[in-house]
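Open your viewer and get ready to select. This short tour goes stop by stop.

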Number of protein chains: 2
Amino acid sequence: MIPFNKPYLTGKETLYIEDAVKSGKISGNGKYTKLCQEYFQSRYNFKKCLLTTSCTDALEMCAILLNIAPGDEVIVPSYTFVSTALAFVRQGAKIVFADSRADHPGIDEDKIEELITAKTKVIVPVHYAGVACDMDKIMALANKYNLFVVEDAAQAIDSFYTGADGIKRALGSIGHLSAFSFHETKNIISGEGGMLCINDDRFVKRSEIIWEKGTNRAEFFRGEVNKYGWVDTGSSFLPSEIIAAFLWAQIKNLDEIQKKRKEIWERYYNLLRSAELSGIVRLPEIPDYATNNAHMFYLVCSTLGNRTDLIKKLKSEEILLVFHYLALHKSEFYIEKHDGRDLKNCDKFADCLVRLPLFFELSNNEIDKIVLNLN
Amino acid sequence: MIPFNKPYLTGKETLYIEDAVKSGKISGNGKYTKLCQEYFQSRYNFKKCLLTTSCTDALEMCAILLNIAPGDEVIVPSYTFVSTALAFVRQGAKIVFADSRADHPGIDEDKIEELITAKTKVIVPVHYAGVACDMDKIMALANKYNLFVVEDAAQAIDSFYTGADGIKRALGSIGHLSAFSFHETKNIISGEGGMLCINDDRFVKRSEIIWEKGTNRAEFFRGEVNKYGWVDTGSSFLPSEIIAAFLWAQIKNLDEIQKKRKEIWERYYNLLRSAELSGIVRLPEIPDYATNNAHMFYLVCSTLGNRTDLIKKLKSEEILLVFHYLALHKSEFYIEKHDGRDLKNCDKFADCLVRLPLFFELSNNEIDKIVLNLN
């Protein structure tokens, strides 16, 4: 069976974990946590990074930092993972679900403005498949209506956006706050894991407190206060050094991993764009303002039936294709709270999008076998 | 320098982590998570266990499962870690702080009833130093007033309580819900990590959903539903398999670790109880109904000044003693919300309690040196 995903071990993970244990510090915010955070800050120009136990937790930190409370509205695409919405729901927000673009599962940037009310506080673009939303449009809306932008960059490590000013910016460095994932299905991994990035100075100091169970322990360790105590809300958002040490090994191989994933993606694309694919209406396209971080290779089928048939056919050839999100506005938990608007593009991707295997150790022979069976 | 704590590596941790990676599954709820959970369920007679990324997260799950909402009151000892209170505060609870016993930092069981009002929903006993609170008294109050009991068993792995019925029960198995910690300072560790235990059937099904970001994914994986979606609130409470694999290695050495820690504790106790200790008024005592899991060895000094002097003196001999909690009812975050009651025993332990080094690799020579310098 060719699996959909296979975690890749670079080889140094357990070495770094042993080093962390030997150093006498495996709880959070130790040497490897700092190495990872400083690496990301410097490579991608984030103002401050904090590792978290999951992308969900990073999004929860955003909701807390933005003082989300009952009555606030948050605009979120319906075609996304539960956590994008749930993190804000936990703080009491009402989610206003946005539709996807017709040509891409990402939020339709031109349909956001009509969802903004006096209660709107945050827009949460999701960079689906690591492909940038058109951030110029979203940041312009945020400025116009005095809103915050939280980038859900779960899939978007090492991907970029070039706006009208011609500057190429890392995804996650554009909104006020952003959240990344290192879940085992991502480009670089720690099993479960995530990261909060802060690009607005106003949130830097408080972020460390919320991260450390509402205490000013981080300041204490730096000698900035002479005892630490309970000063704010928060949770235990910081991961074990075991997780950070694992991630550090992945980071050291990031360029090699990215090179390999892009080769796989390109091979799929070049073979498939010239093929005659019955029942498949769309290959992924990368807009000019975006880069491709080769997080995902997806196809859009013409109907749910076609997709079901395709998954079944490939499974009989021992190839695992998997669909992706269900529409959150139709979920059991939110359907009664949703305002009833149809979100047709979201529904289409929920029914028709399917993802191909894409992982570091996927061989050319396996790719060719997959493509052959898609025809 | 003799440190206060030193994480102990049993030797199999990285082997199991590599095995997890090779199996192709390092996100949560995999083989090692199940091994750990089943082990604890079976050894300690918990109805259901779920590993979490921290004890804080396990306590948050308790607050969610108990539907804590603004207006609810939760009784928590003031002499405890921030998370015991914070997890309930995040759901909107008002914390009613209880005092410690005169003879022990644990909650004064005889002073709880006067704190109960019509709004009280939960009592949270903390088994300080792994020594049981008198659970018969607390469960009787819960029954009388129809309250829930959440045991904060962060320090209490492998410790027991024997009630009036003569049955010896594991701490964490008595209240409706309980929470454990595997933070690096605990008896068995995963750097950061925790566990929720559920002893009341009413919470079993929903606990898995809350654990998995409000989705019924766990049921889906067992084939009980044919697709999974967003059905409830929750978060990403489950840890990476990397953490579970590490913990599994610790579990396999639990008996050896416990034996060694108890030897260290006994050596301290036997040397210190016959010594003349100036400025020290109390050694830890284990009530008849409790066992000693050798999580901690503490002393109570007669004054804050004596404690400060003692810490300074031992530091000059390269021995690290550390104090413990600050009173939460006097914290910057809660002092204005607290009802103003004095909590004298809590204040005493906050000022006067000091902890001695206690870890697996602490040698007899080191213990003797520490005791010599305490005299």
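Select Val89(A). This residue sits in helix H4 of chain A, which covers residues 82–89. Keep in mind that the model is predicted.

Is Val89(A) buried or exposed? Show the C-beta atoms around it. Val89(A) has 23 others within 10 Å, so Val89(A) is buried; the cut-off for buried is 20 or more.

Which residues touch Val89(A), leaving aside neighbours within four places in sequence? Select Ile95(A) and Thr233(B): both are in contact with Val89(A).

Colour the two sides of the contact between the chains. Chain A gives 52 residues, and chain B gives 53 residues. On the chain B side, pick out helix H1 (13–22), helix H3 (55–65), helix H4 (82–89) and helix H8 (241–252) of chain B; each gives two or more residues. Colour that side by class: 21 residues are nonpolar, 21 are polar and eleven are charged.

Last stop: a sheet in chain B. Three strands form an open sheet in the order E10-E11-E12, with antiparallel pairing. Select strand E10 (280–282) and strand E12 (353–355) of chain B. These stand at the edges with a single partner strand each, so one side of each has no neighbour in the sheet. On average, neighbouring strands here are turned by 45° against each other, direction ignored.

Zoom in on E10(B) and strand E11 (residues 298–301) of chain B. Two bridges join them in the antiparallel sense. Finish on Arg282(B): its bridge partner in E11(B) is Val300(B).

Key. Residues are numbered from 1 along each chain as its sequence is written. Chains are lettered from A and ligands numbered from 1 in the order in which they are written. This is a predicted model: local features need pLDDT of at least 70, side-chain atom pairs count only at pLDDT 80 or more; totals for chains, interfaces and linings use all residues. Helices (H or I, at least four residues) and strands (E, at least two) are DSSP runs, numbered from the N terminus. A residue is buried if 20 or more other C-beta atoms lie within 10 Å of its own, exposed if 12 or fewer, and partly exposed in between; C-beta atoms are placed from the backbone. Two residues are in contact if their C-beta atoms, placed from the backbone, lie within 7 Å. Ala, Val, Leu, Ile, Met, Phe, Trp, Tyr, Cys and Pro count as nonpolar, Asp, Glu, Lys and Arg as charged, and the others, Gly among them, as polar. Two strands pair if DSSP finds at least two bridges between them. Axes are lines fitted to C-alpha atoms, for helices over the stretch in contact, and angles run from 0 to 180 degrees between N-to-C directions.
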